[in-house]
Amino acid sequence: MFNMKKPKKYNMKTEFEKPRDFDFTVNRVCPRVINGTRQTVLVPAGTFSLFGVSAIEATAICKKISSTTNYICTAYLITE
């Protein structure tokens, strides 16, 4: 009766290993006391881009940078 399209199946392991382009943002963590309350402020420290990196490698880079006590790293996939 209805022509239902079958969804395309993806192998997630191969999708995570495909080379892609990523933007990385590094923020410095600065705890401050404002009006008697402690607040955590993220100050941008820098950005960089890597091309042809797999998602597994990108998360490993973020974990290495974020393992330091003063910095947090986030990665964004570049899509165009």
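The model being predicted, local features need pLDDT of at least 70 and side-chain atom pairs count only at pLDDT 80 or more, while totals for chains, interfaces and linings use all residues. Residues are numbered from 1 along each chain as its sequence is written, and side-chain values use heavy atoms, with hydrogens and water left out.

I begin with the sheet. Two strands are taken as paired if DSSP finds at least two bridges between them. On these terms, 3 strands form an open sheet in the order E2-E1-E3, with antiparallel pairing. Strand E2 (37-53) and strand E3 (71-77) stand at the edges with a single partner strand each, so one side of each is left without a neighbour in the sheet. From one strand to the next, the twist averages 25 degrees.

Let us take the two pairings in turn. Strand E1, residues 20-34, is joined to E2 by 14 bridges. Within that pairing, Pro 31 has Thr 40 in E2 as its bridge partner, and Arg 32 stands opposite Gln 39 in E2. E1 and E2 form a hairpin with 2 residues between them, and Asn 35 in the turn has a positive phi of about 55 degrees. On the E3 side, 7 bridges join E1 to E3, again in antiparallel fashion. Here Val 26 stands opposite Cys 73 in E3.

Which strands does helix H2 lie across? Helix H2, residues 55-66, lies across E1, E2 and E3, and runs at about 165 degrees to E3. For such angles, axes are lines fitted to C-alpha atoms, for helices over the stretch in contact, and the angles run from 0 to 180 degrees between N-to-C directions.

Is Asn 27 buried or exposed? Asn 27 is buried, at a relative accessible area of 16%; the classes are buried under 20%, exposed over 50% and partly exposed in between, with a 1.4 Å probe and protein chains only. Setting aside residues up to four places away in sequence, Asn 27 touches several residues, among them Leu 42, Val 43, Asn 70 and Tyr 71. Contact here means heavy atoms within 4.5 Å.

I turn to the charged side chains. A salt bridge requires a side-chain nitrogen of Lys or Arg within 4 Å of a carboxyl oxygen of Asp or Glu, and the count by this rule comes to 2. Glu 15 meets Lys 18 at 3.2 Å, N to O, and Glu 15 also bridges to Arg 20, where the closest N and O atoms are 3.1 Å apart. Glu 15 is buried at 19% relative accessibility, whereas Lys 18 is partly exposed at 40%, as is Arg 20 at 29%.

Next comes the nonpolar core, defined as a set of buried Ala, Val, Leu, Ile, Met, Phe, Trp, Tyr and Cys residues joined through side-chain atoms within 4.5 Å. The largest such core has 8 residues: Phe 22, Phe 24, Val 26, Val 53, Ala 55, Ala 58, Cys 62 and Cys 73. E1 and H2 each supply at least two residues of this core.

Finally, the aromatic rings. Rings of Phe, Tyr and Trp (its six-membered ring) pair if their centres lie within 6.5 Å; planes under 30 degrees apart count as stacked, over 60 as edge-to-face, and the rest as tilted. The structure holds 2 aromatic pairs. Phe 22 and Phe 24 form a tilted pair, 6.3 Å centre to centre with 40 degrees between the planes. Phe 24 and Phe 48 form a stacked pair, 4.9 Å centre to centre with 15 degrees between the planes. Phe 24 lies in strand E1 and Phe 48 in strand E2, so this pair ties together parts that are 24 residues apart in sequence. Phe 22 is buried at 8% and Phe 24 is buried at 1%, while Phe 48 is partly exposed at 31%. Phe 22, Phe 24 and Phe 48 form one aromatic cluster.

Definitions and conventions
Helices (H or I, at least four residues) and strands (E, at least two) are DSSP runs, numbered from the N terminus.
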